[in-house]
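User: I am new to this structure and would like to learn how to read its features one at a time. Could you take me through a few of them, giving the general idea and then the case at hand?

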Amino acid sequence: MSSQQVDGLASSSQIPATDSANYVRDYKPIPEETQQILTEFGLPFGFLDSDSDLSDVPSDDGISDHDAFLHAVIQPPVLGETSVRPAEGIPRTPLKSALTVDSDVPFVMTLRPRPPKVSPYFPKPLIDPDSCLPFPSIDAPTFGLVQEQLAHDPFRLLIATIFLNRTRGGVALPVLFRVFDHFPTVHDVSTADSSKMVSMIHSLGFQNERARKCIDLAKTWLAHPPTKGRRYRRLHYPRKMDGKDVGREECIGDDEDDTRVAWEIAHLPGVGPYSLDSWRIFCRDELRGLAKDWKGNGAASADFEPEWKSVLPQDKELRAYLTWMWLKEGWVWDRHTGERKRASEKMMRAARRGGVAQEQNGNFVLEMSPVKNVANGLTAWS
């Protein structure tokens, strides 16, 4: 190879003496246009070469140093455009060409979670409305349960519990009384057309099951009505394992020496814990001839203890009712254990005033602060 020309592109006079050997050994052809540019700027031809093994790694903006230099040097400036060199240390916005997209990876847009909107004018209530019930004065004659109206008609009371199960009273009671008007007697319910009853109670949900339970209850009531001295088992009521020692079809009497747990209506279809609790509170004493009503009026003995005092119901409204009944006698009742303690004077004043009871840990607590009118027309607790 001639020292005057290498592939007709460069002469030895253009190559620095100190780099001549290395340059010829590692020589890479350089286009003439690039040679002219390097000569114009007074740069050696080896300026474009590097001994680093990282020369093929792209820079942060996705363009190799070699291509970046040529792009900056060769590309002619646009007429009328002012070029400003960014200051050292100031990050630059990456070019679109640097944003590589993998076609095999699906694009997923990540939305930034937004904080919930909380209005300062409508704050969250401090008390859950679902945990509260109206609490009438203990001087009032009734609490307001439909069971109080039906206490002397146990068949209708049981039908009411079927309608009220898993349904609010405001929805169930209008339908219940329409059914009573259409089927006024036990015999009418037992011979009712199932499709007719289903259509009447359709708005309550579970209409097929409710209709079947009502009709079967009426048929069994006529064949084997609840009778004093005839008790049947209800497994695991009111406590777990209760009724295990009573046969499935066995009927036991009222022998005082027989301590097994059984109930006069447990043989009726459709009777669950809610129905049993309601019937025990409002009807059992009258059936057994121990009193004229559930309150103990006309009791046969002076030491008579009403049945409602031994019931620990799971239903929220029945718990509120028994809380009210115990307060009428001056006691604060614990629905978990049945234990009670004397109510304070402050509690009794609140109970006579009435208001709203809030459920806390399964027990109803009566708000004891009196309500008063304030200047803005609203009400506040004093």
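This is a predicted model: local features need pLDDT of at least 70, side-chain atom pairs count only at pLDDT 80 or more; totals for chains, interfaces and linings use all residues.

User: How is the packing of two helices described, and at what angle do the axes of H10 and H12 cross?

Analyst: In general, two packed helices are described by the angle between their axes and by the distance between the axes. Here the axes of H10 (residues 273–282) and H12 (residues 316–328) come within 11 Å and cross at roughly 25°. Because angles under 35 degrees count as roughly parallel, H10 is roughly parallel to H12.

User: Which residues of helix H5 are buried, and what covers them?

Analyst: The general idea is to ask how much of each residue remains accessible, and a residue counts as buried when its relative accessible area is under 20%. Helix H5, which spans residues 154–164, is mostly covered, with nine of its 11 residues buried; these are Phe-155, Leu-157, Leu-158, Ile-159, Ala-160, Thr-161, Ile-162, Phe-163 and Leu-164. Their cover includes helices H4, H6, H7, H9 and H10. Arg-156, by contrast, is partly exposed at 22% relative accessibility, and just after the helix Arg-166 takes a positive phi of about 60°.

User: How many salt bridges are counted, and with which residue does Arg-156 form one?

Analyst: A salt bridge is read from the gap between a side-chain nitrogen of Lys or Arg and a carboxyl oxygen of Asp or Glu, which must be within 4 Å. By this rule the count comes to 10. Arg-156 pairs with Asp-153, their closest N and O atoms being 3.8 Å apart, and Asp-153 is partly exposed at 31%.

User: Is the pair of Glu-307 and Arg-280 buried or exposed?

Analyst: Glu-307 is buried at 8% relative accessibility, and Arg-280 is buried too, with a relative accessible area of 4%. The closest N and O atoms of their salt bridge are 2.9 Å apart. Glu-307 lies in the loop between helix H11 and H12 while Arg-280 belongs to H10, so the pair ties together parts that are 27 residues apart in sequence. Both residues also belong to a network of salt bridges that links Glu-264, Arg-280, Arg-284 and Glu-307.

Conventions:
Residues are numbered from 1 along each chain as its sequence is written. Side-chain values use heavy atoms; hydrogens and water are left out. Buried means under 20% relative accessible area, exposed over 50%, partly exposed in between (1.4 Å probe, protein chains only). Helices (H or I, at least four residues) and strands (E, at least two) are DSSP runs, numbered from the N terminus. Contact means heavy atoms within 4.5 Å. Axes are lines fitted to C-alpha atoms, for helices over the stretch in contact, and angles run from 0 to 180 degrees between N-to-C directions. Angles under 35 degrees count as roughly parallel, over 145 as roughly antiparallel, 65 to 115 as roughly perpendicular and the rest as oblique.
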